Amino acid sequence: MKAPSTSSNANVGLKGEVAVVSGASQGIGLAVALRFARAGADVWAVARSEPKGKDVVEQLKQAGAIDARCFLADLSRKDDVLRVADEIKAAGGRERRR
């Protein structure tokens, strides 16, 4: 799925930035995640399904993300929201320091 770039975002460079995208395994969430990857961002996807998550990580790497990951969570469940937020915070704090 390749969305066309508009003149206002065609040259956006996000190298070294991290984009966290929920609902990234399909539809708009996937399109947004892929656009961030093409702009050079590392993309951390949040999805409910591990098989779809693995597929998304591969697509993100092919689109240009150096650090593509998938965090599993059902964001309709409060306990999943709190858990995945903690996981992302820990990964960002510990692994992203430069």
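Which residues does F71 touch, not counting residues up to four places away in sequence? Select F71 and show its surroundings: F71 touches W44, A45, V46, A47, V84, E87, I88 and A91, where contact means heavy atoms within 4.5 Å.

Before going further, note what is on screen. This is a predicted model, in which local features need pLDDT of at least 70, side-chain atom pairs count only at pLDDT 80 or more, and totals for chains, interfaces and linings use all residues. Residues are numbered from 1 along each chain as its sequence is written, and side-chain values use heavy atoms, with hydrogens and water left out.

**The whole chain**

Switch to a cartoon view. The chain has three helices and three strands, in the order β-α-β-α-β-α from the N terminus. Helices (H or I, at least four residues) and strands (E, at least two) are DSSP runs, numbered from the N terminus. Of the 98 residues, 34% count as buried; buried means under 20% relative accessible area, exposed over 50%, and partly exposed in between, with a 1.4 Å probe and protein chains only. Among contacts between residues at least 6 apart in sequence, 61% join residues at least 24 apart.

Go back to F71, which lies in strand β3 (residues 68-72). F71 counts as buried because its relative accessibility is 9%.

Next select V46, in strand β2 (residues 42-47). V46 has a relative accessible area of 5% and is therefore buried. Leaving out residues up to four places away in sequence, V46 touches V20, V21, S22, G23, A24, F71, A73, L75 and I88. From V46 to V56 the C-alpha distance is 9.9 Å, over ten residues of sequence.

**Helices α1 and α2**

V56 also belongs to the next stop, where L30, A33, L34, A37 and R38 in α1 meet V56, Q59, L60 and A63 in α2. The residues of this contact divide into seven nonpolar, one polar and one charged. Here Ala, Val, Leu, Ile, Met, Phe, Trp, Tyr, Cys and Pro count as nonpolar, Asp, Glu, Lys and Arg as charged, and the others, Gly among them, as polar.

Two packed helices are described by the angle between their axes and the distance between the axes. Select residues 27-38 (α1) and 50-63 (α2): their axes come within 8 Å and cross at roughly 35 degrees. Axes are lines fitted to C-alpha atoms, for helices over the stretch in contact, and angles run from 0 to 180 degrees between N-to-C directions.

Stay in α2 and pick E50. Is E50 buried or partly exposed? At 44% relative accessibility, E50 is partly exposed. Its C-alpha atom is separated by 8.1 Å from that of C70, 20 residues away along the chain.

**Helix α3**

Move to D80 in helix α3 (residues 78-95). D80 is buried because its relative accessible area is 13%. Apart from neighbours within four places in sequence, D80 is in contact with A73 and D74.
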